[in-house]
Amino acid sequence: MHQHHRTETQRQESRLHERLEALGADTPARKEAQTIGSALLKGAADRLRTDKPGKNARDGYVTEHMEIASCELLERLANRAGDTETAEVARTNRAEEEEMARKIAADWDRGSRTSRQKRQE
Ligand SMILES: [Fe+2]
């Protein structure tokens, strides 16, 4: 699940980077896309930083929702600027983030059970 999303994240960053190249300097959509690109890379690097599955799931869930919010903002900025290509990239990326958040949410029991078992060790 995480390796798949890591690959998705790299594709998302690549799609954003292509839009950065296409956008002019100092447009609101460009600044937002740049911020999201940096956040995506940081989020991927921070993932799985502990051996506590429950905490990792919680942090991952929060990260995915931060990414969803960022994509939502970018899509709206791009739409206001008439930049349909960047809006489409934001929509595509957001759909992947929403899917990852759903996968984490479907797996809460495994994360919490494993954390409890680890405390008993
Ligand atoms: Fe993500």
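**Figure 1. Overview of the protein.** Of the 121 residues, 28% count as buried. The model is predicted. The protein has five helices and zero strands. Read along the sequence, the pattern is α-α-α-α-α. Take the contacts between residues at least 6 apart in sequence: 72% of them join residues at least 24 apart.

**Figure 2. Confidence along the model.** The mean pLDDT of the protein is 82. A value of 70 or more is reached by 82% of the residues. Which element has the highest mean pLDDT, and which the lowest? Helix α4 has the highest, at 95. Helix α5, residues 108-120, has the lowest, at 67.

**Figure 3. Helix α1 against helix α4.** This view pairs residues 2-22 with residues 84-105. The two helices pack at an angle of about 165 degrees. Their axes are 10 Å apart. Angles over 145 degrees count as roughly antiparallel, so α1 is roughly antiparallel to α4. The crossing of the two is left-handed.

**Figure 4. Residues where α1 meets α4.** On the α1 side are H5, E8, Q12, R15, L16 and R19. On the α4 side are E85, T86, V89, T92, N93, E96 and M100. What classes do the residues of this contact fall into? Three are nonpolar, five are polar and five are charged.

Figure 5. R19 sits in helix α1. Is R19 buried or exposed? R19 is buried, because 20 or more other C-beta atoms within 10 Å is the cut-off and R19 has 22. Leave aside residues up to four places away in sequence, and R19 touches A33, E85, T86 and V89. R19 and V89 are 70 residues apart along the chain. Their C-alpha atoms are separated by 8.2 Å.

**Figure 6. Helix α3 against helix α4.** Helix α3 spans residues 53-80. The axes of α3 and α4 come within 8 Å. They cross at roughly 160 degrees. That angle makes α3 roughly antiparallel to α4. The crossing is left-handed. How many residues of each class does the contact have? There are 12 nonpolar, five polar and eight charged residues.

Figure 7. A57 is found in helix α3. A57 has 20 other C-beta atoms within 10 Å. The cut-off for a buried residue is 20 or more, so A57 counts as buried. How far apart are A57 and W108 in space? From C-alpha to C-alpha, A57 and W108 are 7.2 Å apart. In sequence, 51 residues separate the two.

Figure 8. Q34 lies in helix α2, which covers residues 28-46. Q34 has 15 other C-beta atoms within 10 Å. A buried residue needs 20 or more, and an exposed one has 12 or fewer. Q34 falls in between, so Q34 is partly exposed. Q34 and L20 are 14 residues apart along the chain. Their C-alpha atoms are separated by 7.1 Å.

Figure 9. Where is M1 placed? M1 is in the segment before α1. M1 has 11 other C-beta atoms within 10 Å. With 12 or fewer a residue is exposed, so M1 is exposed. M1 and K103 are 102 residues apart along the chain.

Key
Residues numbered from 1 in each chain as written. Predicted model: local features only at pLDDT ≥ 70, side-chain atom pairs only at ≥ 80, totals over all residues. Axes fitted to C-alpha atoms, helices over the stretch in contact; angles between N-to-C directions. Helix = DSSP H or I, 4+ residues; strand = E, 2+ residues; numbered from the N terminus. Parallel < 35°, antiparallel > 145°, perpendicular 65-115°, else oblique. Left-handed = near helix turned anticlockwise from the far one by under 90°. Contact = placed C-beta atoms within 7 Å. Nonpolar A, V, L, I, M, F, W, Y, C, P; charged D, E, K, R; others polar. pLDDT = per-residue confidence, 0-100.
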